[in-house]
Amino acid sequence: MSFGKNALLLATALLFGCGSEEPAGTGSVSFSTWGEDYIEKEIPASDFVDGWTVKFTKFLVVIGDVRVTDSTGLSGAWADTTKLFDHHAPGVKPVISFDNLAAKAWTDVSYSIRPASMGTAAGDGATAADLTMMTEKGYAVYVEGSAEKGAEKKTFRWGFDVPTKYAQCKGDKDGREIEGVLVTNGGTDDVELTIHGDHFFYDDLQSPDASLRFDAIASADADMDGEVTLDELTQKKLLDIDPGSGAYGTGAAANINDLGAFVTALSRTLGHFRGEGECISKDL
């Protein structure tokens, strides 16, 4: 009888221990955002091929629609909310956290940068006045700053209302590139949605070897009042840029014929993932 009872217990253990999968557990993902030293401090002259130094005084971005999905298309978490951040304010800023996600690889993570609306909340660094302005203007991104080279100085105040989805994000985690996020049992994957302010001054929309330039932007100041407006950039045709100011490449992008359209297109490339990681930008 004793042998038979032990055999039954062993068979039961085999049935439930080896014949079925135990739950993998659950964990969390915490999303934050940061604008790097380029936005908080400056883009130094050594980084520009034409010797300008750029300093931002305001860098407002509306971030939202954070979604975590697996390889089958199953959505694990999604927040249909937006927050306004001023990335010129120092430090990493919390965006949103998701708990009780199945512990596994969630390989498709996306988020958006889109115009502020009545439901947008003020995140770190952003003031009530910032939020009111962004909502009334319908901006997704707004930047203020100045550029200097020697005795020459130009200021800019640019607002952009074009919504962009950043999808299929991937980046470096613990020394290796992974797609999306990796949730471990009882752990938290900390993910930074990084904003790259230097992109506004690229001289190519698609080349990985694009350089930072400001000479052509400075030359667009038609009334010579010291401020370069988006309207003035729109009047500066790419074909009319002095060759000494560098060539501006558009790649396969269509209908980009002036600096205003060029800088607006660059405003849709600001979003990154885990620092230098990339996402695919799409119309929203």
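Asp 70 is buried, with a relative accessible area of 8%. Buried here means under 20% relative accessible area, exposed means over 50%, and partly exposed lies in between (1.4 Å probe, protein chains only). This is a predicted model: local features need pLDDT of at least 70, side-chain atom pairs count only at pLDDT 80 or more, and totals for chains, interfaces and linings use all residues. Residues are numbered from 1 along each chain as its sequence is written, and side-chain values use heavy atoms, with hydrogens and water left out.

**Two loop residues**

Asp 70 sits in the loop between β2 and β3. Helices (H or I, at least four residues) and strands (E, at least two) are DSSP runs, numbered from the N terminus. The side chain of Asp 70 makes a polar contact of 2.8 Å with the side chain of Lys 104. Such a contact is a pair of N or O atoms within 3.5 Å; within protein, one must be able to donate a hydrogen and the other to accept it, and residues adjacent in sequence count only if both atoms are side-chain atoms. Leaving aside residues up to four places away in sequence, Asp 70 touches Lys 104, Ala 105, Trp 106 and Thr 107. Contact means heavy atoms within 4.5 Å.

Ala 45 belongs to the loop between α2 (36-40) and β2. Ala 45 counts as partly exposed, at 30% relative accessibility. From C-alpha to C-alpha, Ala 45 and Lys 149 are 8.0 Å apart in space, yet 104 residues apart in sequence.

**Helix α3**

Helix α3 covers residues 128-137, and Asp 130, Leu 131 and Met 134 are buried there. Down the axis of α3, the buried residues fall within an arc of 95 degrees, so they line one face of the helix. The arc is that of the directions from the helix axis to the C-beta atoms. Ala 128, Ala 129 and Glu 136 are exposed on the other side of α3. The buried residues of α3 pack against β2 (53-69), β3 (75-86), β7 (121-122) and β8 (141-149). Gly 138 follows α3 and has a positive phi, near 70 degrees.

**Strands**

Two strands pair if DSSP finds at least two bridges between them. β2 and β8 pair in the antiparallel sense over eight bridges. Val 54 stands opposite Ala 147 in β8. Ala 147 also stands opposite Lys 154 in β9. Nine bridges join β8 to β9 (residues 152-160), and these strands run antiparallel. β8 and β9 form a hairpin with two residues between them.

Elsewhere, three strands form an open sheet in the order β4-β1-β13, with mixed pairing. Its edge strands are β4 (93-102) and β13 (188-194). Strand β1 (residues 26-34) pairs with β13 in the parallel sense over seven bridges.

**Aromatic pairs**

The whole structure holds 17 aromatic pairs. Rings of Phe, Tyr and Trp (its six-membered ring) pair if their centres lie within 6.5 Å; planes under 30 degrees apart count as stacked, over 60 as edge-to-face and the rest as tilted.

| Pair | Type | Centre to centre | Angle between planes |
|---|---|---|---|
| Trp 158 and Phe 200 | edge-to-face | 6.2 Å | 65 degrees |
| Phe 160 and Phe 200 | stacked | 5.4 Å | 25 degrees |

Phe 160 lies in strand β9 and Phe 200 in the loop between β13 and α4, so their pair ties together parts that are 40 residues apart in sequence. Trp 158 and Phe 200 are both buried, and Phe 160 is buried too. One aromatic cluster includes Trp 158, Phe 160 and Phe 200, with Phe 48 and Trp 52 also among its members.
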